[in-house]
Structure formats: C-alpha cells, structure tokens
Amino acid sequence: MACLLEDIIPCSSEWYILILILTLGNNFICPANGRAFFVFGDSLVDNGNNNYLITTARADEPPYGIDYPTHQPTGRFSNGLNIPDIISEHIGSEATLPYLSPELRGQNLLVGANFASAGVGILNDTGIQFVNIIRIQNQLDNFKEYQQRVSALIGYEEKEKLVKQALVLITLGGNDFVNNYYLVPNSARSQQFTLQEYVPFLITEYKKVLERLYSLGARRVLVTGTGPLGCVPAELAIHSTRGECAEELQLAASLFNPQLVQMIDQLNTQIGHTAFIAANTNQMNMDFVSNPRAFGFTTSKIACCGQGPYNGVGLCTPLSNLCPNRDEYVFWDPFHPSERANRLIVEQILTGTNTYMHPMNLSTIMALDSSRA
C-alpha cells in the first residue's frame with residue numbers, strides 16, 4: 001500500500017514537506033486507504049502461523065509450496081496459493097501476513113492479517129493431538145491485540161474505520177468432525193452426543209464465535225461451511241473400497257451446512273443487517289468432486305501428494321508420491337484442495353448464485369460497499 005506525504009498534507013511548499021519528512025522519518029504511517037482483509041480458521045486458510053509454533057500441524061517442508069511464486073513452503077497447506085491469497089488478488093490487495101510473522105508491522109499491518117491456525121475447530125478440544133495451535137478464541141484475542149497495534153499507528157478513529165470496512169473470512173467446522181468426533185472410535189464427543197445432537201451443539205458454539213467477532217468490529221464476514229468431509233482422500237483411504245465417499249462423514253456435512261446457514265440468517269436478523277454471508281463450500285467442492293472431468297481435472301479421489309490408497313495415508317512429505325501436474329488434481333494432499341481447486345471455489349465466492357452464496361456473493365458485497373463509500 002503506497003503512501004505519499006502529499007496525499008496527507010496538501011501543501012505547495014516543498015520546504016515544508018521536506019521538514020516534515022525529516023521530522024517524522026521512518027515513523028510516518030499512512031492512514032489505511034484500501035480495504036483490509038482478516039482471516040480466521042483452520043488449515044484451509046492458515047498461511048503460516050503454525051510455522052511459529054511447536055506443533056505437528058505444519059506445512060513447512062517441500063513439496064508444499066512447489067507452485068507458490070517462490071517455489072518454497074510457506075506454511076500454506078497447498079501446492080501454491082490458498083483461498084485467502086486468491087481473494088486478496090480479486091480485491092486488489094497484497095496477501096495478508098500471518099499474525100505471528102515478524103514482518104507484520106508498520107504499513108503491512110494496514111493490509112490486514114491472517115490469524116488462522118491449522119488443526120483448530122469451533123471447540124477448544126478439537127485438535128488437541130496437535131498440542132500447540134491457536135484456538136479460535138485465542139485468534140480473536142489476537143485480533144483485539146492487532147487493533148491496539150493499529151490504533152498506535154494511525155489513531156483510534158482510523159483504526160475503527162479500517163476494521164469496520166474490512167472484509168473478513170472465517171473457516172471452521174471440518175476439524176470438529178475429522179479431528180474430534182470421528183478421530184477415534186468411541187471418542188469422548190461421540191460418547192457425549194449422537195451426531196444429530198452434536199451438530200446443533202457445534203452451531204450454538206459457532207454462533208458465540210461469530211457474535212464475538214461482530215463485537216470486535218467485523219461487519220462483512222464470509223463464513224464457509226465444511227467441504228464434503230467423506231470424499232477427501234484421507235477418508236477414502238480409511239473407509240472406501242471402490243472410491244465411494246464415507247457415508248457417516250457425508251451425513252455430518254449434510255447436517256452441519258444447512259444449520260449453519262439458518263444460524264447466519266438468525267444472526268443477521270438479530271443484529272439488523274447483513275454482516276454474515278454463508279459460502280456453500282460443500283456444494284462448490286462437490287461440483288468437481290462428483291464430476292472432475294467437467295472442470296478439467298483427471299481425478300478427485302487420488303491426492304497429488306501422499307502415499308497409500310488414494311495417496312490418502314499420512315502426511316505430504318519429501319518422500320511422498322508427487323504428481324507431475326497439480327492442476328489435474330482436485331486434492332493436493334490427503335485433506336486440502338489444490339491451488340486450481342481453490343481458484344474455482346473463489347470464483348463461486350465472487351460470482352456464485354444463491355445456491356453457493358447466501359444471501360449474496362462477494363462481487364455484490366463489494367459493489368454495495370463501494371456505492372456507500
């Protein structure tokens with residue numbers, strides 16, 4: 001985000017500008033003049049926070065990042081760009097830095113920040129096997145701390161404007177099934193709840209998260225549902241004999257996603273305007289999972305990087321099988337979409353009909369907000 005002193009001080013005196021530059025030096029920070037972007041959630045949107053943590057939920061080794069501009073692993077669970085990166089491209093912004101990155105300071109703060117952490121869920125006990133991850137309430141604590149840092153740079157009023165005009169993305173829920181309820185047979189949560197009881201419990205807890213996000217100033221929030229949980233290569237490797245999706249996990253997704261939309265509608269009614277927008281990422285993914293060739297993929301069952309049946313066993317590592325053309329694969333690793341699949345998902349976030357985006361898509365949001373600016 002470029003910042004010219006003349007933008008702030010409309011003065012014809014070159015000497016006056018020179019004196020101010022010398023006085024302010026490197027401490028001069030331009031007030032935010034673009035739309036900031038904030039990201040919360042799990043590994044689908046984490047762009048490197050877990051690299052700064054002692055945890056097994058990391059993507060810091062090759063071949064992760066093989067198609068990223070630097071061709072190096074960045075902490076993104078992708079061969080290249082992830083969903084937040086691609087959204088940033090479309091809103092004309094730089095990619096957000098991880099909140100834990102030492103580079104997130106000065107002018108970079110005004111672009112926004114990515115608070116996501118691989119392995120987390122709606123519930124605090126989700127992902128406990130990963131030990132040291134940034135749980136969602138801690139992500140929101142970091143967002144509060146971020147705002148204090150921005151206030152110190154540009155003042156409280158400019159900070160308030162930056163946050164309230166920002167775009168927010170939050171992605172949670174999948175891990176609450178895969179890395180909690182169904183992690184092991186007879187898990188603690190599956191003993192506590194039937195699936196039909198667990199889903200409303202998750203939705204109630206998710207509502208609390210979104211209410212806190214709103215209380216912290218978020219006013220335009222994209223909320224993604226879960227993908228087709230039973231169709232990822234990791235689950236095919238465990239449950240599938242002929243490439244069929246795992247029925248129980250598919251049932252979980254089919255229960256969770258409609259109830260999430262209902263909760264978002266209730267929340268928008270409660271606050272009196274459309275702050276939360278539901279992204280039907282389950283259907284977005286199912287389009288090319290069920291008919292990959294229609295979208296230019298050769299397979300939606302085998303991961304590009306992995307080992308075992310469907311390349312769905314274990315992690316993607318330097319010793320894994322690696323496909324030569326990532327664009328032909330829906331899944332990059334046993335759980336995460338390839339960059340090309342992420343681009344198709346973002347296309348629907350931007351321009352999708354009500355089947356995919358409720359009550360409106362991102363292009364409509366941007367047009368509405370631009371007309372009110």
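How close do the axes of helix α8 and helix α10 come, and at roughly what angle do they cross?

A: Happy to! Keep in mind that this is a predicted model. The axes of helix α8, residues 195–215, and helix α10, residues 247–271, come within 9 Å, and they cross at roughly 40°. The crossing of α8 and α10 is right-handed.

On the α8 side, the contact is made by Leu195, Gln196, Val199, Pro200, Leu202, Ile203, Tyr206, Lys207, Leu210, Glu211 and Tyr214. From α10 come Glu248, Leu251, Ala252, Leu255, Phe256, Gln259, Leu260, Met263, Leu267, Gln270 and Ile271. Sorted by class, the residues in this contact of α8 with α10 are 16 nonpolar, three polar and three charged.

The crossing of α3 and α12 is right-handed. In this contact α3 supplies Ile83, Ile86, Ile87, Glu89 and His90, while α12 brings in Glu339, Asn342, Arg343, Ile345, Val346, Ile349 and Leu350. The residues of the contact of α3 with α12 comprise seven nonpolar, two polar and three charged.

Now for the strands. Strand β3 covers residues 167–171, and five of its five residues are buried, so β3 is largely enclosed by the rest of the structure. In a regular strand the side chains alternate between the two faces of the sheet. For β3, both faces are covered: Leu167, Leu169 and Thr171 are buried on one side, and Val168 and Ile170 are buried on the other.

β3 also has strand partners. Strand β1, residues 37–41, pairs with β3 in the parallel sense over five bridges, and Thr171 of β3 is the bridge partner of Gly41. Strand β4, residues 221–224, pairs with β3 in the parallel sense too, over four bridges. In that pairing, Ile170 stands opposite Val223 of β4.

One last stop is Ser190, which lies in helix α7, residues 188–192. Ser190 has 22% relative accessibility, so it counts as partly exposed. Ser190 and Phe177 are 13 residues apart in sequence, and their C-alpha atoms are 9.8 Å apart in space.

Methods. Residues numbered from 1 in each chain as written. Predicted model: local features only at pLDDT ≥ 70, side-chain atom pairs only at ≥ 80, totals over all residues. Heavy atoms only, no water. Axes fitted to C-alpha atoms, helices over the stretch in contact; angles between N-to-C directions. Helix = DSSP H or I, 4+ residues; strand = E, 2+ residues; numbered from the N terminus. Left-handed = near helix turned anticlockwise from the far one by under 90°. Contact = heavy atoms within 4.5 Å. Nonpolar A, V, L, I, M, F, W, Y, C, P; charged D, E, K, R; others polar. Buried < 20%, exposed > 50% of the residue type's maximum accessible area, 1.4 Å probe, protein only. Pairing = 2+ DSSP bridges.
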